[in-house]
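Subject: Structure for you, with notes

Dear colleague,

Please find below the structure that I promised to hand over. My notes on it follow, with the cut-offs given where each term comes up.

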Amino acid sequence: MAEAHDDPRVFLVEPDQRGVIPLDRFHIPARLRRTVRGEPFQVRVNTAFAAVLDACAAPAPGREDTWINAPIRRLYVELHQRGFAHSIECWRDETLVGGLYGVTLGGAFFGESMFSR
C-alpha cells in the first residue's frame, strides 16, 4: 500500500478482519446470474489486467487519490505476468465499465481493488 499515487514508498497493512467468501457455499441469485450472462454486460477474465489496475487507481468521486502507486503497479503487473494476479472485467459495448483485480495463493483469491463506471 502507499499513502498516495505519487508516494514512492510501499508498506504492508495487516487488517484486524478480512472478508471471506466460502466458495463451496457461494450462491449467485438467479436474477444476478441472468444479468451477468445476458445483455448488456459481458464478463471476462484476464483480458485487460493493466486497464483494470489503472481504473482502480484513477480518481473517483469521494476519492481523489489512491494507494496504488508506480511500484505497486509494477509489482501487480509482474504478478499477473507470472500467473498469480488476475482481473475480472465487466464490459458493455466493448467498453470496460467495471472490474476487480487480486492475487491467488493456493486455492484462495484475494481481491485487492475494484472499480465501476
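Is Glu-94 buried or exposed? With a relative accessible area of 58%, Glu-94 is exposed, where exposed stands for over 50% relative accessible area, buried for under 20% and partly exposed for what lies in between (1.4 Å probe, protein chains only).

Before going further, please note that this is a predicted model, in which local features need pLDDT of at least 70 and side-chain atom pairs count only at pLDDT 80 or more, while totals for chains, interfaces and linings use all residues. Residues are numbered from 1 along each chain as its sequence is written, and side-chain values use heavy atoms, with hydrogens and water left out.

Salt bridges

A search of the whole structure gives 3 salt bridges, the term meaning a side-chain nitrogen of Lys or Arg within 4 Å of a carboxyl oxygen of Asp or Glu. Glu-94 pairs with Arg-44, and their closest N and O atoms are 3.0 Å apart. This pair links distant parts of the chain, since Glu-94 sits in the loop between β2 (85–92) and β3 (95–105) whereas Arg-44 belongs to strand β1, 50 residues apart; helices (H or I, at least four residues) and strands (E, at least two) are DSSP runs, numbered from the N terminus.

Asp-54 forms a salt bridge with Arg-73, with 2.6 Å between the closest N and O atoms. Asp-54 lies in helix α2 (residues 49–57) and Arg-73 in helix α3, so the pair ties together parts that are 19 residues apart in sequence. Asp-54 counts as partly exposed at 36% relative accessibility, and Arg-73 likewise counts as partly exposed, at 31%.

The side chains of Arg-82 and Glu-78 also meet in a salt bridge (2.8 Å, N to O), in which Arg-82 is exposed with a relative accessible area of 59% and Glu-78 is partly exposed at 35%.

Backbone

Most residues other than glycine have a negative phi. Glu-94, however, has a positive phi near 65°, and Asn-46, in the loop between β1 and α2, has a positive phi near 60°. Asn-46 is partly exposed, its relative accessible area being 30%.

Buried residues

Tyr-76, in helix α3 (residues 70–81), is buried with a relative accessible area of 12%. Tyr-76 touches Phe-49, Leu-53, Ala-85, Tyr-101, Val-103 and Glu-112, not counting residues up to four places away in sequence, where contact means heavy atoms within 4.5 Å. The C-alpha atoms of Tyr-76 and Val-103 are separated by 8.4 Å, the two residues being 27 residues apart along the chain.

Ser-113, placed in strand β4 (residues 108–116), is also buried, at 15% relative accessible area. With the same exclusion of residues up to four places away in sequence, the contacts of Ser-113 include Cys-56, Trp-67 and Tyr-101.

Surface patch

Leu-23, Phe-26, Ile-28, Leu-32, Val-36, Val-43, Val-45 and Ile-88 form a nonpolar patch on the surface, with about 680 Å² of accessible area together. Patches are made of residues with over 30% relative accessible area and no salt bridge, like charges being joined within 9 Å and nonpolar side chains (Val, Leu, Ile, Met, Phe, Trp, Tyr) within 5 Å, and the areas come from the Shrake-Rupley method with a 1.4 Å probe. Both α1 (30–37) and β1 (42–45) supply at least two residues of the patch. Val-43, found in strand β1, is partly exposed with a relative accessible area of 41%.

Best regards
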